[in-house]
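Welcome, and thanks for joining this short tour. Open your viewer, have the selection tool ready, and follow along one stop at a time.

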Amino acid sequence: MAVIDVHNLSHAYNKKPVLKNVCFSVEKGRILGIIGKNGAGKSTTINVLNGFLFPNSGSVKVFGENSNELTADTRRRIGVLFEGHLLHNYMTLKEVANYTKSFFPQWDDETYNKLTLRLKLLDKQKISTLSCGQRSQVALALLLAQRAELLILDDFSMGLDPGYRRLFVETLKSYVQYHNTTVLITSHIIQDLEYLVDDILLLNKGEALFNGTLTSFMQSIARYKVLLVEPQVVNPEVLWFANDVFQVENELFILSRLALNELLGAFAALNIQVTQIKSIPMSLEDAFIGLTGKF
Amino acid sequence: MLKGVFYKEYIKTRRTLLWMLLVLIGATFALFLFVNHEIEVKQVSFFWFQQMVSNNLFFVWMLPVFPLMAAIFGVVQFLPETIGRRFRLSLFMPENELVISFSMLGFGLLALTLLFTLQFVVFAVLFSGIITLIWLLAAAKVFVCFWLFSFATYLLIVLIFIAQKTTYRMVLAVTALVQSSILFIKPQLNIFDCLIPYAAILVMLLFFSTSFFIHHYKTGSYEL
């Protein structure tokens, strides 16, 4: 049985659809990254999964229970990181740990202390006095110490500098690998997800544009460097096969779903003479831009 | 679980509770000094005669302090929950949402009751040498009535914070204003006999409607 099973999920705000028949599932021990532009429906999906939003239609099950009717026992198996590393700001580090601990019998003091001590934070320090990066580490420490089987992280990278982002991702990655934890994660910093996720769900305007493994996602599009015979301005609109085009003098950088030999044929059909086309390394972010566009 | 909720509420409100207690006890001492001064000037019999004739109460001026404190307590307890929608953090804890919401409200009502009871104990001790038992019981009745209205004020403030629609907030704010008209009633003793059951029903209604709002905050009847 899948840990998360979403079937035909649809939701609208004031009749404006934000999710349209979205289907996906997350198996035990897998890490699913939900990516999409602003307003693609990522946070709505998370809110539905957490039970904070009742969907217009579709079925959303977490550990086999409807997401808006999760029992306390099931919720004890789920750790949630709310957008912006939401914490009770008026508490000290010790107080927030004591408070959270009282709800989770399997609470792991060692994990919590290990993560907070490395930042040299004091027990008496108030959460409101922490920097955004430090707060993210405390939120992560609270989350991991719960020993949850499923972690749901909504935009964990929000407001974090590269150092703290890397620290967050590395800590999370080593923890979930060791404990075989299932994770559902969203972030606007797509390069972080590349290092972390097994599967990708790409949302675009409320629809699931892609749902599969990271490898297949990366194979669904390729990045090419095209060397033109002579310098000429190529109208991007005529390149029907290119999802994204960027030109520097006589070099064209394009993202396309076509294979290399198909691309050669496509350029020939358009009477654009090229000296060389070669495939160049592509990041997850490139693939994301290629599939969804820049704006 | 209940321990966890109470612990969180205690952390939020401990300082407020302390200074509220100091203010209430200070006000009671001030009242005691005022009555002593009046008795010294007007003599004991004349002071009480004046109170009986006017059908008035010598502690009338301190009564609005109770609903005011209840309102402040509601703000202190629920404002941090609504900033940045932190209420979601509380409600996602692994416990039934109604248990969490009842516990939060229960903590508030219990803290206010303890606070007001302590004030009344101080009042009773200070005035035991001045007023008769009948007067003390009459005072207790008035205090209880104002406590109940204070609880209603507290619940209305909580409702204003957790209602997620401006229309609801407006309606609740108007209700709070209407309810506060109790402060302008000339506190004659016989009025409070009929006001106590009314206030008790109001508190019950508000308690359950607040829980309803909290429950729906979580289950998504309101879109966040």
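Start by selecting chain B. Among its contacts between residues at least 6 apart in sequence, 84% join residues at least 24 apart. Please keep in mind as you look around that this is a predicted model.

**Stop 1: chain B by its elements**

Switch to a cartoon view of chain B. You will find eight helices and zero strands there. Walking from the N terminus, the elements read α-α-α-α-α-α-α-α. Now colour by burial: of the 224 residues in chain B, 33% are buried.

**Stop 2: where chain B touches chain A**

Bring chain A back into view. How many residues of chain B are in contact with chain A? There are 23, and they meet 23 residues of chain A. To find this side of chain B, select helix H1 (2-42), helix H4 (87-91) and helix H8 (191-219) of chain B, the elements that each give two or more residues to it. Which of the elements gives the largest share? That is H1(B), with six residues.

**Stop 3**

Hide chain B and look for the strands of chain A. Four of them form an open sheet in the order E2-E1-E4-E5, with antiparallel pairing. Select strand E2 (16-26) and strand E5 (65-66) of chain A: these stand at the edges, and each has a single partner strand, so one side of each is left without a neighbour in the sheet. As a general point, strands of a sheet pair through backbone hydrogen bonds.

E1(A) and E2(A) run antiparallel and are joined by seven bridges.

**Stop 4: two helices of chain A**

For the last stop, select helix H4 (residues 109-117) and helix H5 (residues 132-145) of chain A. Their axes come within 8 Å and cross at roughly 165°. Because of that angle, H4(A) is roughly antiparallel to H5(A). The crossing of H4(A) past H5(A) is right-handed.

Show the side chains where they meet. From H4(A), display A:Thr111, A:Tyr112, A:Leu115 and A:Thr116; their partners in H5(A) include A:Val138, A:Ala141 and A:Leu144. By class, this contact of H4(A) with H5(A) has eight nonpolar, three polar and no charged residues.

Terms used: Residues numbered from 1 in each chain as written. Chains lettered and ligands numbered in written order. Predicted model: local features only at pLDDT ≥ 70, side-chain atom pairs only at ≥ 80, totals over all residues. Axes fitted to C-alpha atoms, helices over the stretch in contact; angles between N-to-C directions. Helix = DSSP H or I, 4+ residues; strand = E, 2+ residues; numbered from the N terminus. Parallel < 35°, antiparallel > 145°, perpendicular 65-115°, else oblique. Left-handed = near helix turned anticlockwise from the far one by under 90°. Contact = placed C-beta atoms within 7 Å. Nonpolar A, V, L, I, M, F, W, Y, C, P; charged D, E, K, R; others polar. Pairing = 2+ DSSP bridges. Buried ≥ 20, exposed ≤ 12 C-beta atoms within 10 Å, placed from the backbone.
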